[in-house]
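The notes below are in the order I looked things up.

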Amino acid sequence: MDIERKKTREVFCGNVKIGGDAPISIQSMTNTDTRDVKRTVDQIKSLEKAGCEIIRVAVLDLEAAQALKEIKQNINIPIVADIHFDYRLALEAIKHGVDKLRLNPGNIGDVDRVKKVVMKAKERNIPIRIGVNAGSIDKKIINKYGKVTPEAMVESALEHVEILQNLNFEDIVISLKASDIKLTIESYRLMAKKVDYPLHIGVTEAGTIKGGTIKSCIGIGAMLLDGIGDTLRVSLTGDPVEEVKLAREILKAVELRNFGINLISCPTCGRTQIDLISLANRIEPKLTTIDKPLTVAIMGCAVNGPGEAKDADIGIAGGKGSALLFKKGEIIKKVKEEDIEAVLLEEIMKM
């Protein structure tokens, strides 16, 4: 499946390129107190291990901004300062080595304050993400459209963009998030027609791990299939490591990034004569540490075996108390049920 991605301009967040022909990068946000350097660093390390490529932290006050220096010294991925209202915190974050700002210039006061931030950001090649949420749109825009609409979201974002453009600053990334999936998707589609700035996609306040996973998969998946998105964050109420894991799975599912093993397995039916559900659940966690992009199929019978899964690199198709081992649709050998897991894992490791 080839997805034609919208062509956007490039910006750099530290050493990570966003936009252009760069892979879609995965972001998350810490939920620790940024002033607690040790806890924040520990969480970022866990996120790095899970595959996070850009991390954002909340900067609530001067102490949090100053903590960025030590945090950055102890992590390996670019760090984004999340700033609201106080331009002085943006200046302090830049001073202490932040790689990117999440800042809406229209919310930090008069143009002189914005100019101070922009000048310092320019000096250090720091991009600014304009992040518009459905709940933070100016009342005059809501009154104009009668409610929060895609047009209102886009107009709000473009007002912030214009402020930066008037200061000759164009290292801009844009996000337009809502908890409403349809509103989110339509807002990004509209923005993608109007600008060539990179787009940071996601469904905000998506919910808990279960509900948020469903909403994020639908919303982010739809945008990615449209070719929209240069970097993304899954927003879940829970451990941010789960955000990163889900982001990787979404990108893998739409074939925009290759992250290790792609496991496919059939839903089972009355033809299944081995304990396929248990087998799949035992094997899946043992494949998570393998980085090689292989497709592994665990199928219940000959109908869904070498035929439907013929493009899999390796797989098994269940029989009566046994299974056929196949590679690229070609049957290699027959395996007893009690040996399937060991044989399949051994063959995968050989590959």
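Predicted model: local features only at pLDDT ≥ 70, side-chain atom pairs only at ≥ 80, totals over all residues.

**Sheet notes**

β6 covers residues 100-102 and β7 covers residues 128-133; two bridges join them, and they run parallel.

Next I checked how β7 is placed. I found five of its six residues buried, so β7 is largely enclosed by the rest of the structure. I traced the chain from β6 to β7 and it passes through helix α4, residues 111-123. This β-α-β crossover is right-handed.

I moved on to the pairing of β7 with β8, which is also parallel and has six bridges. Here Gly131 is partnered with Ser175 in β8.

Last, I wrote down the whole sheet. It is open, has eight strands with parallel pairing, and runs in the order β8-β7-β6-β5-β4-β3-β10-β9. Which strands stand at the edges? I noted β8 (172-177) and β9 (200-201); each has a single partner strand, so one side of each is left without a neighbour in the sheet.

Technical notes. Residues numbered from 1 in each chain as written. Heavy atoms only, no water. Pairing = 2+ DSSP bridges. Helix = DSSP H or I, 4+ residues; strand = E, 2+ residues; numbered from the N terminus. Buried < 20%, exposed > 50% of the residue type's maximum accessible area, 1.4 Å probe, protein only. Right-handed = clockwise from strand over helix to strand, strands pointing away.
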